[in-house]
Amino acid sequence: MSTSSTMPHKAAILAIILVSYVMIVLDTSIVLTGLPSIHRDLGFTDNGLAWVQSAYTLTFGGFLLLAARAGDIVGRRRMLVLGLAVFTLASLMIGMAPSPSWMVGARAVQGLGAAILAPSTLALLQTTFADGAERTRAVSYYSAVAGIAASVGLVLGGVLADWLSWRVGFFINLPIGIAMIWAALRYINESPRNSGHFDAIGALASTAGMSALVYGMIRSASAGWRDSTTQGAVAGGVLLLIAFILNERHAAQPIMPLRLFSVPARAAAYGARLLFLGAMIGFFFFTTQYLQTVLAYRPAITGLAFLPMTTVNFAVALQVPRFTARFGNGRLLAAGLAIGAVGMAWLSQVSSSHNYVLAVALPMVLIGIGQGLTLSPLTAAGMLGVPAPDAGAASGVVNVAHQLGNSLGLAALVAVAAYRADAATGTTLLLHRVNTALACSAGLLVLALLLVAAFIFPKKQ
């Protein structure tokens with residue numbers, strides 16, 4: 001049932017949802033261009049620096065399903081406010097971090113806040129806006145700001161690191177978080193609470209399983225696949241997730257109802273989202289390294305170098321409701337993935353002597369078009385036909401696919417990028433890693449396109 005039947009409240013609720021989600025996405029990108037300054041200021045080791053991002057990803061991915069289902073049971077506004085409070089407080093602690101251990105611990109708490117906040121925003125969007133043109137427009141805005149915030153975060157992180165301090169990027173969240181908590185309490189009515197109890201076994205198995213799997217994949221990037229701890233974490237994670245799925249088949253009130261996968265288009269959207277985000281995190285991570293190390297761009301210029309993608313992404317995403325009405329969700333999604341794959345394959349050919357405009361900016365335009373056309377239809381397909389009582393759980397699965405795509409995708413691409421690079425050093429080594437990783441990212445987009453072609457494209461959703 002809609003939280004409000006009046007347009008002013010719906011506009012306010014949409015603004016709260018979008019700004020809250022932007023906080024999550026923006027911070028993730030700010031960290032990427034701010035890492036060199038964090039490394040220097042806090043005295044991180046080279047290997048330890050990876051945990052600035054990994055600690056966040058670990059708790060974010062590990063607690064998503066639990067937090068998403070909690071919103072269905074205890075109330076979505078309550079979870080939204082809790083997520084905002086935890087995320088905002090953790091951001092303040094990160095900005096004040098005096099040491100590596102403080103930073104890593106605060107980032108882990110921030111990931112927990114994000115795990116509570118992210119599914120709450122999408123579930124509120126699903127239940128506030130009516131199915132059809134109204135929800136399509138809201139979802140397109142939701143997806144557009146995610147893509148834009150990711151790119152703007154790269155620019156902002158670089159500018160702040162160059163001109164002020166990386167800490168400012170986290171302090172910004174304090175007034176924004178307080179304002180969003182106030183707005184949520186004023187404009188959002190609490191959703192009906194569903195009677196029942198938490199699926200304790202499912203919650204434990206899913207949280208432990210995803211945390212172990214993400215940890216194993218993260219560790220593999222530095223310790224390798226022959227490392228016993230890496231193997232144990234991945235094997236343990238897989239076994240726990242198998243036990244989780246078996247439990248969900250019989251649980252009276254499952255944390256992830258398996259009926260969410262009963263619609264082929266919806267299940268395919270989850271898989272395509274995982275592949276798409278794996279490709280995009282590879283694009284951001286390796287292109288940033290190429291620009292800073294090979295082309296010797298400063299952090300601020302590196303962020304600005306992503307503007308061809310950012311501006312095109314924003315312009316295209318705003319047209320998605322009109323495109324969806326004319327062509328259908330499936331056709332739009334297939335076109336976005338195909339265009340993005342071409343851009344990614346083009347970008348994978350960069351070298352130390354290539355011109356920025358021809359080798360980077362133009363393929364970025366195609367990637368921006370692809371992202372603008374893809375994220376909104378993927379989100380809509382992932383929530384297709386979900387009943388209101390399962391909105392939180394479904395949003396949790398969408399976000400799990402998103403986060404696992406980021407974490408597993410990056411770990412896999414880092415591992416693949418090191419293949420047959422033993423003899424290379426310096427710029428040659430980095431170029432090998434960039435070329436290989438971006439080529440694999442293009443392959444991930446092609447795999448996502450095949451899923452869409454088989455299960456989503458035939459239907460004009």
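The model is predicted, so local features need pLDDT of at least 70 and side-chain atom pairs count only at pLDDT 80 or more, while totals for chains, interfaces and linings use all residues. Residues are numbered from 1 along each chain as its sequence is written, and side-chain values use heavy atoms, with hydrogens and water left out. The chain has 18 helices and zero strands; helices (H or I, at least four residues) and strands (E, at least two) are DSSP runs, numbered from the N terminus.

**Confidence**

- The chain has a mean pLDDT of 80, and 88% of its residues reach 70 or more.
- Over residues 1–8 pLDDT stays under 50, and the model has 12 contacts beyond four places in sequence for this stretch; contact means heavy atoms within 4.5 Å.
- Where pLDDT is low, the predicted coordinates should not be read in detail.

**The chain as a whole**

- Of the 461 residues, 57% count as buried; buried means under 20% relative accessible area, exposed over 50%, and partly exposed in between (1.4 Å probe, protein chains only).
- The accessible surface comes to about 17,900 Å², and 69% of this belongs to carbon and sulfur atoms; the areas come from the Shrake-Rupley method with a 1.4 Å probe, and for residues only the protein chains shown count as cover.
- Among contacts between residues at least 6 apart in sequence, 82% join residues at least 24 apart.

- Helix H13 (residues 307–318) has 12 residues and should span 16 Å, which agrees with the 17 Å between its end C-alpha atoms; the expected span is 1.5 Å times one less than the number of residues.
- The buried residues in H13 include Pro308, Met309, Thr310 and Val312.
- Helix H14 (residues 320–327) and helix H15 (residues 329–347) have axes that come within 7 Å and cross at roughly 120°; axes are lines fitted to C-alpha atoms, for helices over the stretch in contact, and angles run from 0 to 180 degrees between N-to-C directions.
- On the H14 side, Val320, Phe323, Thr324 and Phe327 meet Asn329, Arg331 and Leu332 of H15.
- The residues of this contact divide into four nonpolar, two polar and one charged; Ala, Val, Leu, Ile, Met, Phe, Trp, Tyr, Cys and Pro count as nonpolar, Asp, Glu, Lys and Arg as charged, and the others, Gly among them, as polar.

**Buried residues in other helices**

- Gln110 lies in helix H5 (residues 100–128) and counts as buried because its relative accessibility is 0%.
- Leaving aside neighbours within four places in sequence, the contacts of Gln110 include Asp27, Tyr56, Phe170 and Asn173.
- Ile281, in helix H11 (residues 264–294), counts as buried at 13% relative accessibility.
- Ile281 and Leu410 are 129 residues apart in sequence, yet 6.3 Å apart in space, C-alpha to C-alpha.
- Beyond its neighbours within four places in sequence, Ile281 is in contact with Gly405, Asn406, Gly409 and Leu410.
- Val434, in helix H18 (residues 426–455), is buried at 1% relative accessibility.
- With neighbours within four places in sequence left aside, Val434 is in contact with Phe286, Tyr290 and Val350.

**An exposed loop residue**

- Ala296 lies in the loop between H11 and helix H12 (299–304) and counts as exposed because its relative accessibility is 58%.
- Although Ala296 is not a glycine, its phi is positive, at about 60°.
- Most residues other than glycine have a negative phi.

Notes
pLDDT is the predictor's confidence in each residue, from 0 to 100.
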